[in-house]
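These are my notebook entries on a structure that I had not looked at before. I set out to record what I looked up, step by step.

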Amino acid sequence: MTQLSPAQRVARAQIKASTLTEALPWIKKFSGATIVIKYGGNAMISHELQQSFADDVAFLRFAGIRPVVVHGGGPQIGAMLDRLGIPSEFVDGQRVTSPEAATVTRMVLAGQVNRDIVSRINQNGDAAVGLSGEDADLLLASPVERAELGRVGNIEAVNTQVLNELLDQGRVPVVCSIAAELGGEPGMPLNTNADLAAAAIAKHMKADKFIMLTDVPGLYANWPDTDSLISEITAQELRELLPSLDSGMIPKMTAALEAVDAGVNQVHVVDGRTAHSVLLEVFTDEGIGTMVLGGDA
């Protein structure tokens with residue numbers, strides 16, 4: 001290994017100090033703020049990206065921010081369904097979920113993916129607490145009107161008291177997007193789109209910021225033209241663009257609109273394939289991805 005000279009070590013330390021100095025105004029601005037982060041996509045598959053995300057969340061907490069992590073686990077669910085020979089398909093970006101598939105989804109999300117995220121965050125302390133939407137009726141949903149989707153639900157209520165109690169204790173809630181059915185049979189979960197579940201939590205928590213990690217750099221005005229990346233867009237502009245979007249992006253942008261319509265001033269759609277994308281979005285002047293602005297932003 002090449003040894004650095006004293007001057008090189010000082011130069012490297014100055015770069016780190018400069019980065020911290022740039023973050024200071026943003027740390028001051030967001031101290032005490034509630035930030036809901038939807039975690040998913042390829043960021044959940046790469047071990048390096050998994051750890052960088054967990055480190056980002058821990059950093060937010062130590063900076064005095066109140067992060068809530070909401071996750072799905074589409075690739076993991078798909079792999080388990082394939083292994084068990086259970087058919088699965090998508091309609092308009094949502095997984096068709098039979099009762100059998102709903103049970104598998106609960107097993108994978110609550111028993112595997114959630115545990116992995118919690119354990120990684122807790123490498124930087126013991127703050128993270130794993131939750132299913134069924135715990136304490138955290139997420140109550142009703143079945144969607146489209147019968148062909150099966151056991152898929154729309155969030156009707158969020159138990160914000162549970163989340164606020166955990167946040168007040170300095171904890172980091174990590175919530176998987178399985179919901180209990182409102183007025184339904186006990187033990188029969190509903191699968192909810194993680195983007196929409198995160199938006200519902202951001203809305204009911206009156207979050208200061210909502211960040212969605214995706215597998216693309218942001219929202220494109222004219223996909224696949226990569227020069228058409230949008231850095232900022234108003235809710236009204238997004239509403240007009242929505243019908244023309246790729247089917248996989250529609251739930252994400254619908255979630256963004258639901259959040260800003262409910263009073264969340266800023267929604268950020270960022271590339272989860274970029275290491276430390278959450279910190280880059282929150283604590284740097286440039287930011288990354290696409291920002292959807294609410295009426296008061």
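I looked up the accessibility of Asn-191 in this predicted model and noted a relative value of 9%.

I then placed Asn-191 in the fold: the residue belongs to strand S9, which covers residues 190-191. Leaving out residues up to four places away in sequence, I listed what Asn-191 touches: Arg-95, Thr-97, Thr-105, Arg-151, Val-152, Gly-153, Ser-177 and Ile-178.

Arg-95 was my next entry. I found this residue in strand S4, residues 94-95. Is Arg-95 buried or exposed? Its relative accessible area is 10%, so I recorded Arg-95 as buried. Beyond its neighbours within four places in sequence, Arg-95 has contacts that include Gly-74, Ile-77, Phe-90, Leu-149, Val-152 and Asn-191. I also noted that a polar atom of the Arg-95 side chain lies 3.1 Å from the backbone oxygen of Gly-74.

I consulted the record next. In an unreviewed UniProt entry, the annotation "binding site" covers Gly-73, Gly-74, Arg-95 and Asn-191. These residues are spread over 119 residues of sequence, yet they cluster in space, with a largest C-alpha distance of 11.5 Å.

Finally, I checked the confidence. The chain has a mean pLDDT of 90, and 97% of its residues reach 70 or more. Confidence is lowest in S4, with a mean of 82, and highest in strand S2 (residues 66-71), at 98.

Conventions
Residues are numbered from 1 along each chain as its sequence is written. This is a predicted model: local features need pLDDT of at least 70, side-chain atom pairs count only at pLDDT 80 or more; totals for chains, interfaces and linings use all residues. Side-chain values use heavy atoms; hydrogens and water are left out. UniProt positions are given in the numbering used here, feature names are shortened, and annotations may be inferred rather than shown by experiment. Helices (H or I, at least four residues) and strands (E, at least two) are DSSP runs, numbered from the N terminus. Buried means under 20% relative accessible area, exposed over 50%, partly exposed in between (1.4 Å probe, protein chains only). Contact means heavy atoms within 4.5 Å. A polar contact is a pair of N or O atoms within 3.5 Å; within protein, one must be able to donate a hydrogen and the other to accept it, and residues adjacent in sequence count only if both atoms are side-chain atoms. pLDDT is the predictor's confidence in each residue, from 0 to 100.
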